[in-house]
Amino acid sequence: MESTHPPTPPAGAGAHPVWSAVRLWLSAYRVEVMLFLVAFAVLSSFSSQRFFRQSAAPHFIYQAQSWLEGRLDVDPQVLPNLEDWACVRVVDGHKVRCEGRLLRDDRWFVSFPSFPAVVMLPFVALHGYQFNDTSFGVFVGALAVALFYSLLRFLAQEGETERNRNDNVVLSLVLAFGTLFFYCAIRGEVWFGAQVMGVALTCLYVRNAVKARRPVLAGVFFSMAVLTRTPLVFAGLFFVLEALCPGPDRLAQLKALPTAWKPALRKLVLFGAGAGPLALLAAAYNVYRFGKPGEFGHSYFYNNRVNADIDRFGLFNLEYLSRNIQAAFLKLPQVSLSPPRLSYDPHGLSLLLTLPLLVFLMVPRTRPRLHWPLWLTVAVCALPGLFYQNTGYMQFGFRFSLDYTPYLLLLFAIGGWSLRNRAVVTVLALGVLVNFWGAVAFRGYTEFVRNW
């Protein structure tokens, strides 16, 4: 006799399609989700009371709000402070930096690339000038950690690294808590927030730039990264190398370009098509504000301590090299015995302490396909910071190195050193300890002047 009971539906058959899709996504990316949650919990804890209030340098919020109010400059009547804002005055038809007594016609702008303000725009539309950029920065920081793991997993799947899941988790946590990323991600503030967002966008850019496989997307994320941190414009070299000579025999590929240039040219054109729209908008915005497509406002700082150097030597000059090398490599903690005290120089701290994994990059055990593209990208991204008029003051460690820290960690990932090696474990522990100190001890300029 045929059963009168209805057949048992397959597991999940009655679930809502959206919920089923969410469950599938969570299953596929459960490690990324867990890393995001762990990073968010730790970073928000170290952010402490800052997490619940807007930072003292919320420049991108004011820029986004000014756009929502239909203006391209910012209202000087509502500025929270005068730290690192650009002030433009027109004299005899020329745009110059405001000096002396302020005038009614002076125009004020955010003196940094604008993409973080674009990302904040919908949140500022909801909360206005009160939007909390500190908790937003913690969220972006946790997302960057998850994106870095996703990049490492992708490279392992593509055969670019031999790292397993556990290794990739450890390296992602090293980014989060064993580099200068740690203290930058917990503060908010225009300088540190842009650096953290730059790391997140770098992960998306590199993933799409590997083997120049997705040139349009690589171009889009590249332009977003550059319009967050201008030194990342030099990271475009990574895509160019992947398009022209991905290897393994790069010399032969370069020699063959005169007769086999069409595939590479197509990728470069598509890359430019992806990067172009945002780049053109940014250039037009810069022309409107400062009269030059490549000027983001640092030449127009109002009443800033760096103006004398900028006027004398410009934004970049060989004159600045020695002090930036000191800030990046030579400055050490300051020890006092009477009374006992350990302190740091706010101009910088040696990368050999804040990112001690550097020592293993000098002696890699393997040099796979991505070895030279990554090293060359690090070199060209590092050079602007070494010739720049500012060391990054005030900071814990040479924060400009965060622009190329993801590339340095990728170099370690492909370099063949085991994470079980005792020397590697010791160096990893040192990096976490030093950056734990930075996350706890660092008090920036805005905190000093307000005695927080």
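Tutor: Let us begin with phenylalanine 396, which has a relative accessible area of 0% and is therefore buried, since the cut-off for that class is under 20%. Please keep in mind that this is a predicted model. Phenylalanine 396 sits in the loop between α17 (371-386) and α18, and a search of the whole structure finds 36 aromatic pairs. In one of these pairs, the ring of phenylalanine 396 meets that of tryptophan 437, with the centres 5.2 Å apart and the planes at 85°, so the two are arranged edge-to-face, a label that applies to planes over 60 degrees apart. This pair links distant parts of the chain, because tryptophan 437 belongs to helix α19 (residues 422-441) and the two residues are 41 residues apart. Tryptophan 437 has a relative accessibility of 17%, so this residue also counts as buried.

Another edge-to-face pair is formed by phenylalanine 398 and phenylalanine 400, whose ring centres lie 5.7 Å apart with their planes at 75°. Phenylalanine 398, at 1% relative accessibility, counts as buried, and phenylalanine 400 is buried with a relative accessible area of 8%.

As for helix α18 (residues 405-414), this element packs with helix α5 (residues 133-157) at an angle of about 35°, their axes being 12 Å apart. Here Phe148, Leu151, Leu152 and Leu155 in α5 meet Pro406, Leu409, Leu410 and Ala413 in α18, a contact with 8 nonpolar, no polar and no charged residues.

Methods: Residues numbered from 1 in each chain as written. Predicted model: local features only at pLDDT ≥ 70, side-chain atom pairs only at ≥ 80, totals over all residues. Heavy atoms only, no water. Axes fitted to C-alpha atoms, helices over the stretch in contact; angles between N-to-C directions. Helix = DSSP H or I, 4+ residues; strand = E, 2+ residues; numbered from the N terminus. Contact = heavy atoms within 4.5 Å. Nonpolar A, V, L, I, M, F, W, Y, C, P; charged D, E, K, R; others polar. Phe/Tyr/Trp six-rings, centres within 6.5 Å; stacked < 30°, edge-to-face > 60°. Buried < 20%, exposed > 50% of the residue type's maximum accessible area, 1.4 Å probe, protein only.
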